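Keep the model open in your viewer and follow the stops below in order. Each stop gives a selection and then says what is there.

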Amino acid sequence: ALAGTPSTSRTDRTVLADFLDSVGAAGDQELMTPQEVGNVLRTLTQAGGFIDSGGWYQDKLLDAAGVKAAVAGIFSSTSDPETIASYLNTLGPETTLALEQALKDDPNAAGAIRDALAAASQAGLLSNDFIQQMVDRADFATLERLTSNPDKPLTDEFLVRIGNAVRDRGIDVEMYTSGGFPTEVRFADDHANAILRNIANSSKTASNRLLQDQSFVRFAMELSIVSANDQSIDGVQAILRAGTDSSLRNPNVGFGGEDVDRALSTIAEVLSDPASFDYPGLYRKKIVEPEIARTLAEIYNDNALAFAHAASASNSSFGESDVRNFLHVILQHQGETYNDQMTLGDYVQRTVQAQVAFYLTKAAVGGPNSPDRDSSGDIVGSLLAVYSDERARDITDDAARRDAEVQFRNSLLTGAIQVVPNFFRVH
């Protein structure tokens with residue numbers, strides 16, 4: 001056995017030596033069945049054969065890099081998912097993770113297990129139990145690596161289970177006592193945000209499934225608050241965008257508008273109850289971080305027509321109250337810079353203005369007898385009312401608030417009328 005590693009039987013050592021002799025020649029591993037190859041990989045992993053000890057197998061000096069390259073070559077030498085799945089299923093979840101850990105720092109071998117898991121899972125050849133054990137046993141650094149190749153992604157089921165693990169384990173809570181008073185302090189795992197970013201880059205549909213879960217959305221909002229001071233929250237932003245992307249409304253992708261609407265409604269419901277995700281004791285005046293407000297504004301813009309219909313549909317699964325929740329949270333940050341040309345408030349106003357202009361145009365193009373005329377008028381009225389109400393929401397004096405609502409409504413309508421000709425050209 002390798003010096004300093006667990007010993008194996010003479011039979012195991014002979015099999016390992018013969019196997020390592022053979023894998024350098026293309027195709028020689030085909031002399032063994034996939035199960036036999038898996039068993040050799042299992043024995044090699046459990047024997048600590050990746051430790052660069054300078055040990056000998058028979059007449060060959062083995063170095064860790066050579067062993068790792070040989071093992072990675074086993075996976076890269078076949079594109080057959082059944083063969084790859086046989087290797088993995090023979091290894092089992094625990095040894096598969098150990099093998100991934102052994103290969104992770106070698107530039108010629110890193111990613112071999114990640115891509116193998118993607119191939120086998122996409123072919124439906126890994127059981128849910130195998131997947132769940134992988135997720136439960138892996139630390140977050142490993143889960144970040146396993147989700148890091150959007151060109152060869154894991155299945156949605158795999159990604160959703162990883163997202164749920166991040167939800168359940170992504171924030172640590174510790175109690176400290178200062179001056180006799182216990183204080184709760186929360187810490188975000190260093191890899192949690194990156195895993196969310198990887199999931200978003202890998203699958204919009206998996207992101208959407210996660211965003212239909214209130215507990216996940218609450219976690220994402222809490223993670224953004226806990227991380228905001230010293231860690232990136234771009235992963236939270238990415239998964240919010242990916243899971244509500246308007247392209248998912250295309251039936252050709254296997255999703256419909258109702259899935260996006262459910263995600264939007266779930267986000268809105270969570271935003272309506274900030275106590276469910278806020279950091280206890282901070283008494284924050286603004287519900288979300290500025291970066292999240294910008295992302296919510298982009299989501300609003302991307303799904304503008306859906307928000308317009310929802311503004312006049314109080315009883316639908318995605319309705320007026322959801323629109324109000326989005327606008328209220330976004331407009332708390334209206335003075336924040338959106339880009340070099342405008343503030344976040346200006347960006348939202350431009351979006352709502354374009355919505356109003358679109359429906360004014362739709363009513364006009366159809367003529368007085370058009371069935372769209374009344375419904376378009378209702379939508380315009382709802383948009384003007386919801387937007388002006390939310391803009392004036394924080395004004396405490398009733399008369400001043402009413403005056404402000406009229407001012408916001410008139411300003412928005414004037415701007416919309418000015419851009420109506422642009423919509424006529426489109427029609």
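Contact here means heavy atoms within 4.5 Å. This is a predicted model, in which local features need pLDDT of at least 70 and side-chain atom pairs count only at pLDDT 80 or more, while totals for chains, interfaces and linings use all residues. Residues are numbered from 1 along each chain as its sequence is written, and side-chain values use heavy atoms, with hydrogens and water left out.

**Whole chain**

Show the cartoon. The secondary structure comes to 19 helices and 4 strands; helices (H or I, at least four residues) and strands (E, at least two) are DSSP runs, numbered from the N terminus. Of the 427 residues, 49% count as buried, where buried means under 20% relative accessible area, exposed over 50% and partly exposed in between (1.4 Å probe, protein chains only). Among contacts with a separation of 6 or more, 72% are between residues 24 or more positions apart.

**Helices α6 and α8**

Select residues 128-137 (α6) and 156-169 (α8): the two axes come within 10 Å and cross at roughly 35°. Axes are lines fitted to C-alpha atoms, for helices over the stretch in contact, and angles run from 0 to 180 degrees between N-to-C directions. On the α6 side, the residues that meet α8 include Ile131, Met134 and Val135; on the α8 side, those that meet α6 include Phe158, Ile162 and Ala165.

Now centre on Ala165, which lies in helix α8. Is Ala165 buried or exposed? Its relative accessible area is 7%, so Ala165 is buried. Beyond its neighbours within four places in sequence, Ala165 is in contact with Val135, Phe140 and Gly170. Leu143, 22 residues from Ala165 in sequence, is 9.5 Å away from C-alpha to C-alpha.

**Helix α12**

Select residues 234-243. Helix α12 has 8 of its 10 residues buried, so it is largely enclosed by the rest of the structure. The buried ones include Val236, Ile239 and Leu240.

Next, pick Asn303, in the loop between α14 and α15 (304-311). Asn303 counts as buried because its relative accessibility is 2%. Leaving aside neighbours within four places in sequence, Asn303 is in contact with Thr244, Ser246, Arg249, Val260 and Leu264.

**Aromatic rings**

How many aromatic pairs does a search of the whole structure find? There are 7. Rings of Phe, Tyr and Trp (its six-membered ring) pair if their centres lie within 6.5 Å; planes under 30 degrees apart count as stacked, over 60 as edge-to-face and the rest as tilted. Phe216 and Phe219 form a tilted pair, 6.4 Å centre to centre with 50° between the planes. Both lie in helix α11 (residues 214-227), 3 residues apart, about one turn of the helix, and both are buried. Tyr338 and Tyr347 are stacked because their ring centres are 4.0 Å apart and their planes are at 15°. Then select Tyr300, Phe307, Phe318 and Phe326, which ring pairs link into a cluster.

**Nonpolar core**

A nonpolar core is a set of buried Ala, Val, Leu, Ile, Met, Phe, Trp, Tyr and Cys residues joined through side-chain atoms within 4.5 Å. The largest one has 109 residues, and Phe75, Leu88 and Met221 are among those touching the most other members.
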